[in-house]
Amino acid sequence: MCKGLVGKKLGMTSLFTPNGRYIPVTVLKVGPCVVTQIKKDETDGYKALQLGFGIKKATKTTKPLQGHFKNSGGACFSTLKEVSVDDPDSFEVGQTIGPEIFAIGERVNVTGTSKGRGFSGSIKRHGFGGGRETHGGHCHRRPGSIGCSAWPAKVIKGKRMPGHYGAETKTARNLEVVDIRPDENIILLKGPVPGSRSGIVTINKVLFA
């Protein structure tokens, strides 16, 4: 059984469930993913599938990758991700996998890259309250004092400061699959997932012990 797929976030919308509930959903284009390599315990030390997603021109693909893709049919892919499997021998290089591996009502984890916010101050980045706005205050959005005067006379490691905000790998866990449309390679998940529109995401099944 394949435990995950690679997809693209198309955006958010909302719909009514059969019992009349109005819920927000995220639309993901999942697959079709092509198996480009099979990892086994004997050769790699673990079990996984390398999946290719998103067709890419051969002229914009390096020669080593073009050679790598020849085994899976010759089509070049813009994204390569690995997902774990129980039995890699049940798959073949070049095989296509789609959203049919998921089921409505199933729970999944979605991993993506959060929106990049650039260099941000401490109020936007960490939610600081800021300084006073009246009575002669001159420290409105500054972080204020960041160190100690006598001891230890240094800035403590990990101090929350202005800096690069966003563009990090984030995982939204335990999301419910609301609907699946295999003919369009689309699944609908309840709630938001990390990233902006057209961002690449990895969808993994939630396997309870």
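Two strands count as paired here if DSSP finds at least two bridges between them. I'm keeping that in mind throughout, and also that this is a predicted model.

**Entry: strand pairing around E7**

I started with E7 and E12. They pair in the antiparallel sense, over four bridges. On that side, Val 108 stands opposite Lys 205 in E12.

Then I looked at E7 and E10, which are also antiparallel and have six bridges. Which residue in E10 is the bridge partner of Val 108? I found Leu 175.

**Entry: the barrel**

Six of them close into a barrel, and the order I get is E1-E2-E11-E10-E7-E12, with antiparallel pairing. From one strand to the next, the twist averages 50 degrees.

I checked E2 against E11 as well: five bridges, antiparallel. Lys 29 sits opposite Ile 186 of E11 there.

**Entry: nonpolar cores**

Which residues touch the most other members of the largest nonpolar core? I got Leu 49, Leu 51 and Leu 189, out of 27 residues in that core. Among the elements that give two or more residues to this core are strand E1 (4-16), strand E4 (48-56), strand E7 (107-113) and strand E12 (200-205). E10 supplies the largest share, four residues.

I also noted a second, separate core of seven residues, and its members include Leu 15, Ile 23, Ile 186 and Leu 188. Ile 186 is the residue I had already logged opposite Lys 29.

Back to Leu 189, for its contacts. Leaving out residues up to four places away in sequence, Leu 189 touches Pro 24, Val 25, Thr 26 and Leu 28, then Val 108 and Val 110, and also Leu 175, Glu 176, Val 177 and Val 178.

**Entry: cysteines**

How many disulfides are there? I count zero, using a cut-off of 2.5 Å between cysteine sulfur atoms.

Cys 76 is in no disulfide, and the nearest cysteine sulfur, in Cys 33, is 16 Å away. Is Cys 76 buried or exposed? I have it as buried, because its relative accessible area is 5% and the limit for buried is under 20%.

Cys 148 has 37% relative accessibility, so I logged it as partly exposed.

Terms used:
Residues numbered from 1 in each chain as written. Predicted model: local features only at pLDDT ≥ 70, side-chain atom pairs only at ≥ 80, totals over all residues. Heavy atoms only, no water. Core = buried A, V, L, I, M, F, W, Y, C linked by side-chain atoms within 4.5 Å. Buried < 20%, exposed > 50% of the residue type's maximum accessible area, 1.4 Å probe, protein only. Contact = heavy atoms within 4.5 Å. Axes fitted to C-alpha atoms, helices over the stretch in contact; angles between N-to-C directions.
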